[in-house]
Amino acid sequence: MAAIRERKDQNGKVSYQAQVRIQGYPPQSKTFLRKTDAKQWAIQTETEIRTGMTIRKSTASKHTVREMLERYRDNVLVDKANGGKDHKTHIAWWIDELGHYALSEVTTESHRVWWRLVC
């Protein structure tokens, strides 16, 4: 459920804080200069949470594709046959191509565009 609060600073300047609280998810809030922007953000955020379109954006923006792939290589491939030797080559290639991106930046659509450029 979204709540929008009017806030005034020391100079009397008005801003609007939108807060979205849905059970089972951490509350999210953001402050805007216009009430309509706060309402639109709240509606969009609620929709993303309910449809599962959002992942923990703050966490995903702190980690890169390189970190994810290296962790997979070091923790999962060691238990595979041959130590995952065949997979390590592929992982190294993906690290070179996409390793510098934040996880939050890699989406299905961005992957499709990138794949068209490569192939």
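1. Helix α1 has 17 residues, and from its first C-alpha to its last it reaches 24 Å, close to the 24 Å expected at 1.5 Å a residue. The expected span is 1.5 Å times one less than the number of residues in the helix. Helices (H or I, at least four residues) and strands (E, at least two) are DSSP runs, numbered from the N terminus. The model is a predicted one, in which local features need pLDDT of at least 70 and side-chain atom pairs count only at pLDDT 80 or more, while totals for chains, interfaces and linings use all residues. Residues are numbered from 1 along each chain as its sequence is written, and side-chain values use heavy atoms, with hydrogens and water left out.

2. Which residues of α1 are buried? They are Ala-38, Trp-41, Ala-42, Thr-45, Glu-46, Glu-48 and Ile-49. Seen down the axis of α1, these buried residues fall within an arc of 165°, so they line one face of the helix. The arc is taken from the directions that run from the helix axis to the C-beta atoms. Buried means under 20% relative accessible area, exposed over 50%, and partly exposed in between (1.4 Å probe, protein chains only). The face of α1 turned away from the buried side carries the exposed residues Gln-40, Ile-43, Arg-50 and Thr-51.

3. Arg-50 deserves a separate remark. This residue is found in α1, which covers residues 35-51, and counts as exposed at 57% relative accessibility. Leaving aside neighbours within four places in sequence, Arg-50 is in contact with Met-1 and Ile-22, where contact means heavy atoms within 4.5 Å. Arg-50 and Ile-22 are 28 residues apart in sequence, and their C-alpha atoms are 8.7 Å apart in space.

4. The sheet is open and has three strands in the order β1-β2-β3, with antiparallel pairing. Two strands pair if DSSP finds at least two bridges between them. β1 and β3 (28-32) stand at the edges, each with a single partner strand, so one side of each is left without a neighbour in the sheet. From one strand to the next the twist averages 20°. α1 lies across β1, β2 and β3 and runs at about 10° to β2. For these angles, axes are lines fitted to C-alpha atoms, for helices over the stretch in contact, and values run from 0 to 180 degrees between N-to-C directions.

5. How many bridges join β1 to β2? Seven bridges join strand β1 (residues 2-8) to strand β2 (residues 14-20), and the two run antiparallel. Lys-8 stands opposite Val-14 in β2. The hairpin of β1 and β2 has five residues between the strands, and Gly-12 in this hairpin takes a positive phi near 90°.

6. A salt bridge is a side-chain nitrogen of Lys or Arg within 4 Å of a carboxyl oxygen of Asp or Glu. By this rule the count comes to three salt bridges. In one of them Asp-37 pairs with Arg-34, the closest N and O atoms being 2.9 Å apart. Asp-37 is partly exposed, with a relative accessible area of 23%, and Arg-34 is partly exposed at 49%.

7. Arg-66 and Glu-70 form a salt bridge at 3.4 Å, N to O. Both lie in helix α3 (residues 65-75), four residues apart, about one turn of the helix. Arg-66 is partly exposed, with a relative accessible area of 37%, and Glu-70 is partly exposed at 26%.

8. Asp-74 and Arg-73 meet through their side chains in a salt bridge (3.1 Å, N to O). The relative accessible area of Asp-74 is 44%, which is partly exposed. Arg-73 counts as partly exposed at 26% relative accessibility.

9. Helix α4 (residues 85-98) has 14 residues and reaches 20 Å from its first C-alpha to its last, close to the 20 Å expected at 1.5 Å a residue. The buried residues of α4 are Ile-91, Ile-95 and Leu-98. Viewed down the axis of α4, they fall within an arc of 95°, so they line one face of the helix. On the other side of α4, the exposed residues are Lys-85, Asp-86, Thr-89, His-90 and Asp-96.
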